[in-house]
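Please consult the sequence and the model shown here while reading.

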Amino acid sequence: MIYSKACTNTYHQYLLTALTGLLLIVGIMTSKAYANDCFIAGPYVLHVDQGSAQIVWVTPAGTRAGEVHLKAADGSLQQQITADLSTPRFQERIDDVISELDHLRHLVSVEGLRTYSEYEYQVQCGDGASTRNGSFKTAPEPGATDPVEFIVVSDGHADSGRYREVAPAVGEQMPDFVVHTGDLTGGNGPDWDRWLPYFSVARPYLESTVIVPVIGGHDAGPNRNFRAFFAFNDPDGDPADEDEEGTWYNFRYGNVEFFMIDHTADLKLQLEWVEQKLAASDAEWKIAALHQSFANAGSRGNFFRGLFYDFAELFEQYGVDIVISGHDHIYERNLPFGPEGVKPVHYIAINSGGNFREVRPSPVVKGGRGQLARMYAHFSVDGNRLEMEARAEYPDDKAGMVIDRFELIKDENGMYQD
């Protein structure tokens, strides 16, 4: 059918009016659905070890304490636990004015669980009607050689919508846990409305595994919302000196130990902390994670500067196997670094939702250059063997592809086989 120019303009105006009305109706329906749902964020599972876990969700002020109904996947255990309520000083910024929100955090500490076991739960939100289900697995005993699978994502920038390409694929893998190396949002720490899309977009994996977050630059400034969401603060409010109890920590999962670094906080203090923790670790596999890259040849070109030199020396001295980061909005795996006779360190940069940046060629990068992709890294650890696959979900011609893979096998001396 052929339209005259005037008729075409009228037709386009009609379509625009109809589309605007439809979007308005959808917006109203979505708003009503959200208003009737007690959950602002969550539930999600944090801080899992061999026998315990935390289940957290956030609701509006005035909600009574919710409950968790927990059972072992094999039906051998059932618990009903009422949440501890707190108002952990969530922040909202409007027109550069930061105010505190009175939203409630519900936190259930689950104890007495069996090691390396699967559990299912249902959260009753606190309004007497809203419920959500989830599952998680506890950690193996330290030193146990049980197979472990985990996924690393970074730079979700969930409020941009780009993370929607990756999060569902991560959920389908059903890993033991997901490490997020920062920039969950694309705003700043107090930008409350930019936090909420993360918990919506990441729902495909938050409902079936454990989230282990690292703070990114966009998640800080200050870091109060990050600390409150992920239960790094005192239940009754943040400590007086946030740097003193910053968002750096380590955790053990079988024969893998992780050292999570907060690049936004006091690096000198963390350097001492990392050395103490590495010196005390007897884990077969040691992995460090932080947001900002130690060694990145492409994109922003961070490469062993400042205190990162000192961290790199510690990683080599104490046998760290892999250092994972984000920030650079490209995928890049460097050839292993280290002096002769010392087990080398592998540095990997992940991008799951960041806007693409320049990729520069470099002889220290596997394949000569990084890749522009939105992806996640899937790790499998089984005894003395570790495998990693970098799996792209965007662009479309790479969706579902393995864009990089490597395998490490250790000998009886802890060195890599050729």
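Is Arg105 buried or exposed? With a relative accessibility of 2%, Arg105 counts as buried, where buried means under 20% relative accessible area, exposed over 50% and partly exposed in between (1.4 Å probe, protein chains only). The model is a predicted one, in which local features need pLDDT of at least 70 and side-chain atom pairs count only at pLDDT 80 or more, while totals for chains, interfaces and linings use all residues. Residues are numbered from 1 along each chain as its sequence is written, and side-chain values use heavy atoms, with hydrogens and water left out.

Arg105 lies in strand β8 (residues 104–110); strands (E, at least two residues) and helices (H or I, at least four) are DSSP runs numbered from the N terminus. The side chain of Arg105 reaches the backbone oxygen of Ala228 at 2.7 Å.

Asp404 belongs to strand β22 (residues 402–409) and counts as buried at 5% relative accessibility. Its side chain makes a polar contact with the side chain of Arg333 (2.7 Å). A polar contact is a pair of N or O atoms within 3.5 Å; within protein, one must be able to donate a hydrogen and the other to accept it, and residues adjacent in sequence count only if both atoms are side-chain atoms. Leaving aside residues up to four places away in sequence, Asp404 touches Tyr331, Arg333, Lys366, Met388, Glu389 and Ala390, contact being heavy atoms within 4.5 Å.

**Sheets**

In the hairpin of β3 and β4, with 5 residues between the strands, Gly75 takes a positive phi near 80 degrees.

Another open sheet, of 6 strands, has mixed pairing and the order β14-β15-β16-β17-β19-β18. Its edges are β14 (249–253) and β18 (332–333), each with a single partner strand, so one side of each is left without a neighbour in the sheet.

The table lists pairings from these sheets; two strands pair if DSSP finds at least two bridges between them.

| Strands | Sense | Bridges |
|---|---|---|
| β3 (residues 67–72), β4 (residues 78–82) | antiparallel | 5 bridges |
| β3, β9 (residues 118–124) | antiparallel | 6 bridges |
| β16 (residues 285–289), β17 (residues 322–325) | parallel | 3 bridges |

Lys71 stands opposite Gln78 in β4, and Glu67 stands opposite Gln124 in β9. Ala289 faces Ile324 in β17.

**Helix packing**

Helix α6 (residues 267–280) packs with helix α7 (residues 308–317) at an angle of about 0 degrees, their axes 10 Å apart. The two are therefore roughly parallel, a class that covers angles under 35 degrees. Axes are lines fitted to C-alpha atoms, for helices over the stretch in contact, and angles run from 0 to 180 degrees between N-to-C directions. Leu267, Gln270, Leu271, Val274, Glu275 and Leu278 in α6 meet Phe308, Asp310, Phe311, Leu314 and Phe315 in α7. The residues of this contact divide into 8 nonpolar, 1 polar and 2 charged.

Note on methods:
Angles under 35 degrees count as roughly parallel, over 145 as roughly antiparallel, 65 to 115 as roughly perpendicular and the rest as oblique. Ala, Val, Leu, Ile, Met, Phe, Trp, Tyr, Cys and Pro count as nonpolar, Asp, Glu, Lys and Arg as charged, and the others, Gly among them, as polar.
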